[in-house]
Amino acid sequence: MSRYFILFCVFIFGCSKNVNNNKIEELKTNNSFSLEMIDSLNIITPKSVPTEYSDGYIFSDSLFYGIGFNNKIEIFNLKTQKHKKTISLDRNFIRSDIQNIIVKNQDSILVFNSYPPKMFLLNNLGNIIKEYNFGNLLLNIKRSDLPENEVLYNIPKYYGYIKPCFHKNKLYIPIAPIGAEEMSGFTKSERIGIYDFINEKWEKAIVPPKGILSKLNTEYYNYDLMHTYFTIANDKIFVNYPINDYSFIYNLSGKFIDSVNTKSKIISEMPPPLNQKELFDRQKSWNFRITTPFYGPLFYHPKSEVFTRVAYEKQPLKTNNNKLNNGFGRSASLIVFDKNFTHKKEFIFRNATLGVGKNYPLRNGIIIGRQQNHWTNENQFIHKYIYKIKSNEN
């Protein structure tokens, strides 16, 4: 596990006293989009079942599949508000920790290994139906110290938003090229691989960094701020980055089409990157991460025909009591765009009521988990609040 992820976890999961200011505010706009809380779930987890997950998948707006401890998949029914079942995977056959889960149907579940990059097709009992060894993928890393005939990438782990996407029997897989976290390998190496699911072979790698990240030379951002988010909707790939205001549109073959402004009104500007000496100074790097604003991924909601994106505002390094900020006072917003990326509305959540890494898209809304300081029951499933995105324009 990288030291950057360890620091990121401390930032997200620290402890603080509860803050009760949960009011959602709307930034003034001249349109009639609204965000309506339609449900507050009350799912109590069994004692052996986690309340929170590093990665999950919501199937048909009703079943939540979460990767739990010891390679177990926990399933919750969001309609009945019950824990449905546990799927235990055999450690004799899947020895590494799985991450990234996709549910094609209830009897066809895909999970992934990070390195070596591998995928397992499971049934609803957890039996392995098929194992896919992805193998080599040609990348534009340009590193003379890395061998050409070895696997030079992994599948990013511990970031639930970096999720593979299926489209017409092709699997679009996020990749983190080995060496790409260093300046000599970052700006040119692709971040998405296209895998032919039927013929079981790579087609190609696409989408090198764009925007701010394509201009890095001798300076750098924290590793988690430079990951590539993407989603597929309306036969296009929509790519964005935690540190970039803009999002980028590609066709399904990876040809760049356009950039769109997906900026939040609560983020005025992004800070300049750190030099390598500052970045590898753990305290300076950590201080930078605490204060820096950042974005979540684009979500598409097909029933509402809108995109959403979460933004987290910058915050001071220290609180009023001169302690390092733990993020539990950080405000966030949910931005709503129509399918043409017209900015329709932005909703503000104060005091960490919009959690980091705890939000999943629904067909016409979003399910939200708040940060830990808002939890009141240690056995309560934390993906608790369902909001419906409504348009009254028609």
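**Surface charge and aromatic pairs**

In this predicted model, the loop between strand S23 (294-301) and strand S24 (306-312) holds Lys303. The relative accessible area of Lys303 is 59%. Lys303 is therefore classed as exposed, because the cut-off for that class is over 50%. Lys303 also belongs to a patch of positive charge on the surface. Lys79, Arg363 and Lys388 gather there with Lys303.

Aromatic rings were examined next. A pair of aromatic rings is described by the distance of the centres and the angle of the planes. Across the whole structure, the search finds 24 aromatic pairs. One of the pairs joins Tyr241 and Phe248. Their rings lie 6.2 Å apart, centre to centre, with 55° between the planes. This pair is tilted. Tyr241 and Phe248 are both buried.

Tyr250 and Phe256 form an edge-to-face pair. The ring centres of Tyr250 and Phe256 are 5.7 Å apart. Their planes meet at 70°, and an angle over 60 degrees counts as edge-to-face. The two partners fall into separate accessibility classes. Tyr250 has a relative accessible area of 3%, so Tyr250 is buried. Phe256 reaches 35% relative accessibility and is partly exposed. That value lies between the limits of under 20% for buried and over 50% for exposed.

Aromatic residues also gather in a cluster. Its members are Tyr53, Phe64, Phe76, Tyr360 and Phe381.

Key
Residues are numbered from 1 along each chain as its sequence is written. This is a predicted model: local features need pLDDT of at least 70, side-chain atom pairs count only at pLDDT 80 or more; totals for chains, interfaces and linings use all residues. Side-chain values use heavy atoms; hydrogens and water are left out. Patches are made of residues with over 30% relative accessible area and no salt bridge: like charges are joined within 9 Å, nonpolar side chains (Val, Leu, Ile, Met, Phe, Trp, Tyr) within 5 Å. Accessible areas come from the Shrake-Rupley method with a 1.4 Å probe; for residues, only the protein chains shown count as cover. A salt bridge is a side-chain nitrogen of Lys or Arg within 4 Å of a carboxyl oxygen of Asp or Glu. Lys and Arg count as positive and Asp and Glu as negative; His and the chain ends are not counted. The place of a charge is taken as NZ of Lys, CZ of Arg, CG of Asp or CD of Glu. Helices (H or I, at least four residues) and strands (E, at least two) are DSSP runs, numbered from the N terminus. Buried means under 20% relative accessible area, exposed over 50%, partly exposed in between (1.4 Å probe, protein chains only). Rings of Phe, Tyr and Trp (its six-membered ring) pair if their centres lie within 6.5 Å; planes under 30 degrees apart count as stacked, over 60 as edge-to-face and the rest as tilted.
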